[in-house]
Each structure stands twice: as structure tokens, then as C-alpha cells.
Amino acid sequence: MSSLEAVRRKIRSLQEQADAAEERAGRLQREVDQERALREEAESEVASLNRRIQLVEEELDRAQERLATALQKLEEAEKAADESERGMKVIENRAQKDEEKMEIQEIQLKEAKHIAEEADRKYEEVARKLVIIESDLERAEERAELSESQVRQLEEQLRIMDQTLKALMAAEDKYSQKEDKYEEEIKVLTDKLKEAETRAEFAERSVTKLEKSIDDLEDVGVFISIVRSVNGQLWDLKNNFYSFVFCSILLKADTAHPSSSKELGRRQSYVLGNVDETSQFAKAWCFHKLVTISRMSILYLLLVGYTTAEQPKSCCPTFCGFPISHQQCYEKDEAGIPGILVGVSVDGKEVWSEGLGYADVENRVVCKPETIMRIASISKCLTMMAVAKLWEEGKLDLDAPVQKYVPEFPEKVYEGEKVTITTRLLVSHLSGIRHYEKDITKVKEEKEKANRALKLTKPHQDKEQKEGKGTEKTDCAKQKKEHDSETKSQNSKPGRKDEFLQEEYYLKEKFESVIESLKIFKNDPLFFKPGSQFLYSTHGFTLLSAVVERASGQKFTDYMLKMFRDLDMLSTVLDDNEAMIYNRARCYIYNKKGRLVNAPYVDNSYKWAGGGFLSSVGDLLKFGNALLYSYQAGQFKNRNAKLLPGYLKPGTVAMMWTPVPKTEVSWDRDGKYAMAWAVVEKNQQYGCCRQQRHYASHTGGAVGASSVLLILPEELDPETLGTQPVAPPRGVIVTIICNMQSVSLNSTALKIAREFDKEKQAQRDTCG
């Protein structure tokens, strides 16, 4: 009985414990409800907390079941109670963790609100900008409508101009009929010219008498009258302009040396000898009395055959008292080269710089040394100087693909094979990029014609070298032959037809950057595999200017102008039509009838690097001397460190002037193209025969302009360099520019350079 009571007491105590457990469970249930309410405010952790609470409820249910059976299994009930206590502790720990997670989520929620507020502010800013853009777009549409109205007006003006053009064409037909009449009159004058030839033959027999009375002005008048009797033939003297420039050089440099009078007479007689046989009297008379009347004869020839810069504006010009009408002078102006600039430097010193003729024919503005003209493709040499400087500084890799610097230029494929264009190929015209001609078939035909002509002329040259034609008479004939071929190319008015008929020569669009100008040719196919053939390409130098711009980190034009300042080339500028450029000459061409007219308007902003600069002969001489100094600086001993370094290293200039295989030069058969320079190497195949000097040159041809720059380095003797107090540069530099297109100047420049070099050697021998 006592045991039963003990069991009952035990049961009551267990019941009390169970009740306490239920109270704790109720309390926990309330806490769980509170936690559940808090979890509902959270996002992802609320669901997991509910699941955990459900597990706790299930455990409580199981605890109640275990308490119901506790009467039978007290020990199991105690164990169940212990387990429930441990479960409660776990729940409490989990609840604490849930609270910490909720605090973290609250912090994240605050950050999200801050980010949302920042996004709202940015959205408001974008909305304001969009409103501004919409207003700009409305103004642009208004301007577009205004432009359309202007286009309609221009179309109406164009229609009127078409009608005017038709009227002019009708008038041209009338004038052509008059021209036929003039041709008949010319035939009549030709018959009279034959009669004048007969009189000229008779006049030759009176040469001896005229020699005795050379100082008599009456005899001079007889000479002028005879020359006027063959005035039609004197028109051909305009083709010998370069020879007269050559003679004027001799007059300036050699009059102090009696030994040069013979050479001067030979040259002048050769010039006068180009007049037809009807002027034999004038030829003989001037040959014997050349030194006395040379300056007068040159002035007269300028008056009647070329430019008339010496004639006064206020009165009728005269020569030896004979009046020349203004109309005759104007007609002669329009038949020759308007103006020409010549500059010569010897051993770094400018010895001759002169302007002949007119920079502006209509306004009678004469040429002077400071006159600025288009230098055309000599611009390529200036660009090469910039490329070489960047290469020396390690900013430009000559053998890297151009896409490394200009990714806007597409990669090229030739015959299905991917090919690479490098800067080295661009500067030597081996890239395969086209020139102005877009038809590859025409380009191949022209190259084949040139190769056939070269094969025909080369055996004849080799034969002359073997025969050893070295006498003065043969040399004169050879020079006359070279001069005739040069003047023949000059007389092909209105110029090189195939070259200057290309539309891209006359682009009028202004390009804001060199990258923009790539659109002219960047999508065109290559004419050949890069490195396999030579094709002169100005567009290739446009791509080169983009490479220079990216490698230097500056605008191409800014970088070039900075380089010009470093070289003291203050007159060299961009050929910008809008800018005010003082001393700029006007440009001229010949029309279909062979008359002088103003060159058409062009914008050269698409080819700054290949032909877009203006300069003077003085600046080009400075440029040539800087190159020659850099080339020779390494060959001189630097005494007391007084010899300054060149703008470029000697090895760099030597690399630039090293001929490149597979290249050719159109203006010099003896030369090969190097890096933006044509180079002729020293060569002599046979003794006492033709000797070929080492020199570098480049010519230029643009709309209304022609140019040449030639550098003839002195052949330095290593043994005498250490004993004589000399310094670089040593050699002759010649540059010629004229404001007329399609004029061949390289042969004339080479003759001038050789004569000055001969005179320098003669003076050195005399002093020695």
C-alpha cells in the first residue's frame, strides 16, 4: 500500500513536471508566435524559421504522448523529459541565431534603400539630359529643313548654270570656226617664215662684220630685228626655261673665273641652239659675244618666251629701246611657266635663292625667295622624317602590322590569303594599296609599257658607256638629248593626261582628321600581295599619317608643325584654303587649247602626308641640310665636343637612303626607291666613261604645282677628315618649285647640283 502511494506521489510529481513542461511549452509557443511574427517581416529566413517551429511543436506533441505513457514507463518518461529540455535549449540557440540574421537583413535593407535613392537621382538626371537632347534634335530638324530649302535653291542655280553652259558651248562652236580661219592664216605666215629662213642664211655671211661692231647699239637693233623676223620660232624658247635657269647659275657663280667662260658659252650656245636653223645668225652672234650680252639675252628671252617680271607696270616695257606692247607681254605670260623658285645650298650655306616670274600673273605679283608654293610629294620626305624620329624614340615599330596603331584600317586578304601591311612597306610603296587609279587593269598595262620602254633604252645606254663617249662635244649632245626629253614631257599640255584626269586629284571635301580620310580607300582591294611589287601610292602615306598620329599620341598635323619648328622651317605650313598664308602663290594649269588658266579649287586635307604641305625654297634647303648633317655627322671627329648631334642618327638616315629591292623611280632611271626618297648609288662600270654619283631626290606633282628636292652629298675622304677643320654638312642641295603642274624638274636640279659641285671642287683645287 505504501508502495502504491509512493507510485501515486511519483505520478503526481511527474504530472506536475508534465504540467510545468506544458506551461513551458505554452510559454515557448507564445515566444514562437512572436518569433513567427518577426520572421514574417523578413524575406527568406522567415520560412525556414516556421519550419523549425513546426518541428518543435511536433516534438512537444511527442513529449505529451510520452507523458501519457509515463505511468507505465517512468524511466522512459524521465528520459523523454530530459530530451525535451535539451530540445528547448537547441531551439533557444536557433532563435538567437535567427535574431542575428534579422539584424543583418535589416542592415542590408537600409543599404538597398540607399542604392534605390541613388538610382532615382540618376534617373532624374538622365531624364533632364533627355529633354535637352530632344530640344537639340528639334533644332537640328529645323536646320535640316533650312538646308533642304538651300539645296533646292542651289538646284535651281545649277539648272540656270546648265543653261548658261549650253549657251557657252554654242559660243565655243562659233569660236572654233574662227580658230579654223586662224589656222589658215598660220599657214600663210609659215610661208613667210620660209622666206625669212632664206634671209637668215644670207645674214650668216655678215657675222664677221657684226663682231667688230658689237658695242654699237645699232648692231644690237639689227640683232633684235632679225630675232623678231623669226618670232614664231622664239615661242619654242619657253621649253628651254630650265636651261636658262642653269645659265643664270653660271652667271652668278662663274663670272669671276675666266676659266669658266668657255663652259658658260658652251651651255648658252646649247640653249640658243634649240632654236630652229632659221636663227643660226642669232646663235653664232651670241656664242662669240656671250659674256657681254648674256644677262641682256636672258632678260629678253624671259620677256618674249616666259615670264616678264622685269617689265614695269606703269609704262610699255622695252628692250634696247624697242617697245614691247602690254598685250604681247600678257600673251607671252600665258604661254610659259608663270613663276619658279630656285634655291641652292653648298656645304650648309645658302648661296642662291631667287624667284623668277610671277606668283600671281593676274595681279602682277612677282616671285621672290620668300614665296610659298605647293611642294606636292616632297611632303612624303617630311613625313618620313617624323616616322624616323618616332622609330628612334622606340614609339614606332616599322615591322608591326599597321592595325596595331590604326585598328580602324581593316585587315586585308589577297587571293584568299590573309596578308600583313607594315609601316616599312608603306614608306617604300610596297603595300599594294592603290594610287589614284582604281582600275587594276589600267595600272598593269601602264607598268608593262614602262618596262618595255626601259628594256629598249637600256641596251643603248650600255653601248654608249662601252664606246667611252667622254669628249666635251659628246657630253653637250648628251645633255641636249636629256634636255629635249625633259622639255618634251613639259610640253605635253595640259599635263600628264592619265595622271591628272583622276577624280581624286580634285577632291573638294574637307576632312577633319587623317582617320576620317581613310574612308576613301580603306575598303578597296589590294592591287598585289604586300612586299611583292612596287606601286607609287599617295593613299599609302595617308595611312602612314594615321600611324604617326597614334604612335606620337598627337594629332598628325600638330606633330608635323612641331617638327617644323624644331627644324626652323617656319614657312612650311598646311595647304589650308581657309587660312591666311602670306606670300602664297597662285596655281596654274593649261587648258585644252594650251592657254594658261587658274588651277581648279582642291582641298588637300585628305593627303597631308603625301602631298598637303606648302613651303619655300629656303625651308626646303634647311630640311635638306638637316638630313645631310645627320647623315655625315658620324664621319667627322668631334673635337672638344663642339659638334652637335643631328636631328636623326647617321644610321637612321643611311637606312632611309638605302635602295629597297623590287622598287623603281619614274623620274630617274638610274635610281631605286628607298624610304620616301629616290636614291642613286655611286657607280662606274668602265674607265673614262660615265660616272654615277650618289644622291637622293624626290619630285612632286600636284594640281597647279611641280617641285623637286635633290641632295648631292660630298664624297668624303676618310684620311683628310681628321686633318682639315671641316664640319658637316658637306655637299650641294638644290630645290626648285613652280606654280605649274606636270613640269619635269629632276634633270635640271641634277645639272645645277653638278655644276655647283664642280665649281666647289675647282675652288678647293685652286686654294690647295
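Predicted model: local features only at pLDDT ≥ 70, side-chain atom pairs only at ≥ 80, totals over all residues.
I'll start with helix α19, residues 556-566, where Phe556, Thr557, Tyr559, Met560, Met563 and Phe564 are buried. Those residues lie on the same side of α19, because the arc they cover around the axis is only 160°.

After α19 comes Asp568, with a positive phi near 65°.

Next, the cores. The largest nonpolar core holds 91 residues. Val406, Leu543, Phe623, Leu627, Met656, Trp657 and Trp677 have the most contacts inside it. Helix α12 supplies the largest share of this core, 9 residues.

Take Phe623 as one example. Leaving out residues up to four places away in sequence, Phe623 touches Cys381, Leu382, Met385, Leu567, Met569, Trp677 and Leu709. There is also a second, separate core, of 29 residues, and Ile337, Tyr695, Leu712 and Cys738 are among its members.

Last, confidence. Mean pLDDT for the protein is 77, with 72% of residues at 70 or more. Across residues 214-332 pLDDT stays under 50, and the model has 211 contacts beyond four places in sequence for that stretch. Residues 464-497 are also below 50, and this stretch has 58 contacts in the model beyond near neighbours in sequence.

Methods:
Residues numbered from 1 in each chain as written. Heavy atoms only, no water. Buried < 20%, exposed > 50% of the residue type's maximum accessible area, 1.4 Å probe, protein only. Helix = DSSP H or I, 4+ residues; strand = E, 2+ residues; numbered from the N terminus. Arc of directions from axis to C-beta. Core = buried A, V, L, I, M, F, W, Y, C linked by side-chain atoms within 4.5 Å. Contact = heavy atoms within 4.5 Å. pLDDT = per-residue confidence, 0-100.
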